[in-house]
Amino acid sequence: MSDTTPPAGGSATTQDGDWSDRLFGGFRKTSERLSGNLAGIVGGNRLTDAQLDDLEDALIISDLGPRAAARIRERLAEERFERDADERAIMEVVAREIADILRPVAKPLDIVAFPRPQVILTIGVNGSGKTTTIAKLAHLFQEQDYAVMLAAGDTFRAAAIGQLAVWADRLEVPIVKGPEGGDPASVVFDAVKDATEDGTDVLIVDTAGRLQNKRELMDELAKIRRVLGRLNPAAPHDVVLVLDATNGQNALAQIETFKEVAGVTGLVMTKLDGTARGGVLVAAAEQYGLPIHAIGVGEKIDDLRPFDPDLVARVIAGIA
């Protein structure tokens, strides 16, 4: 979806069954793609090297990435199937290995900062759904009875400031913003000061998504960090990178770059609904091992949630 048009709001709560249904729908194209790439690969109680090569290629084509594919191949090479290996038996092994990859990184964003607020810097390229994700995170924290404040630190785009202000109004949370082209560090300074005085639990800061000049972005983020440190030496407590799953392997390149310029501490993966490239979630987990705090599988306000790695693994493998 667009990064400039807020989607329609969802219900105040999301039932587990409803979320599971959306998870199935969101990963359907991914599982269909993986199943299609693995179709026809069957064997005896042990897979041959040629079959394992085909399986590894199929996993890479499905955006699970070469590292995860090699790991799954190794696991399949060790497997002795009770009956001849058919697609279901193979996918059961794939699902187990994907779950093993995802479990260590499936970590919700816990609000533990003391003193408050917990400051969460959100970063990501323009168009990744970053601003909308901030609103969804705010809603998620509201459901946990945390007081939330937003800071419009992306002062280089009037649309970003405006969109975040619309969301703040819709969610009925305070927002600190400045003029277009203003100093982001000043906005953040004011926001932390206000959040501290108000006893706010969570301050979510939007930042610019420019990667054309990495040095400029690095300098800007470093200045924000210095300003935060004056008011709260532990801040920012989290630096969350928002990734668009439809970018596939390009999303991994963004992790590499933002790790360098921003010191990323965790990820949120958006736009998993309707994409055949959801395997990049597994690739990111295997290659970088960064916490994946939540995934987005829809456009509603409550379509961003922490995820169950075992369930996601089986959904990706098409056997849930």
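Trainee: Where do I start with this one? How many helices and strands are in the protein chain?

Mentor: Start with a tally, and keep in mind that this is a predicted model. The protein chain has 11 helices and eight strands. Next, look at overall size. The radius of gyration is 21 Å, close to the 20 Å the globule rule gives for 320 residues, so the chain is as compact as a globular protein of that length. Along its principal axes, the C-alpha trace spans about 65 × 40 × 35 Å.

Trainee: What share of the 320 residues is buried?

Mentor: Here "buried" means under 20% relative accessible area. Buried residues account for 55% of the chain.

Trainee: Which strands pair with β5, and in what sense?

Mentor: Strand β1 (residues 118-123) pairs with β5 in the parallel sense over four bridges. To find that join on screen, look for isoleucine 120, whose bridge partner in β5 is aspartate 238. Strand β6 (residues 266-270) also pairs with β5 in the parallel sense, over five bridges. There, valine 242 has valine 268 of β6 as its bridge partner. Carry on and you reach strand β7 (residues 292-296), which pairs with β6 in the parallel sense over three bridges.

Trainee: Are the faces of β5 covered or open?

Mentor: Here's the general idea: side chains in a regular strand alternate between the two faces of the sheet. In β5, one side carries Asp238, Val240, Val242 and Asp244, while Val239, Leu241 and Leu243 are on the other, and all of these are buried.

Trainee: Why call β5 largely enclosed?

Mentor: Count its residues: seven of the seven in β5 (residues 238-244) are buried, so the strand is largely enclosed by the rest of the structure.

Trainee: Last one: how many charged side chains are there?

Mentor: There are 35 positive and 49 negative side chains, and the centres of the two sets lie 2 Å apart.

Conventions:
Residues numbered from 1 in each chain as written. Predicted model: local features only at pLDDT ≥ 70, side-chain atom pairs only at ≥ 80, totals over all residues. Heavy atoms only, no water. Helix = DSSP H or I, 4+ residues; strand = E, 2+ residues; numbered from the N terminus. Rg over C-alpha atoms; globule rule 2.2 N^0.38 Å. Buried < 20%, exposed > 50% of the residue type's maximum accessible area, 1.4 Å probe, protein only. Lys, Arg positive; Asp, Glu negative; His and termini not counted. Charge placed at Lys NZ, Arg CZ, Asp CG, Glu CD. Pairing = 2+ DSSP bridges.
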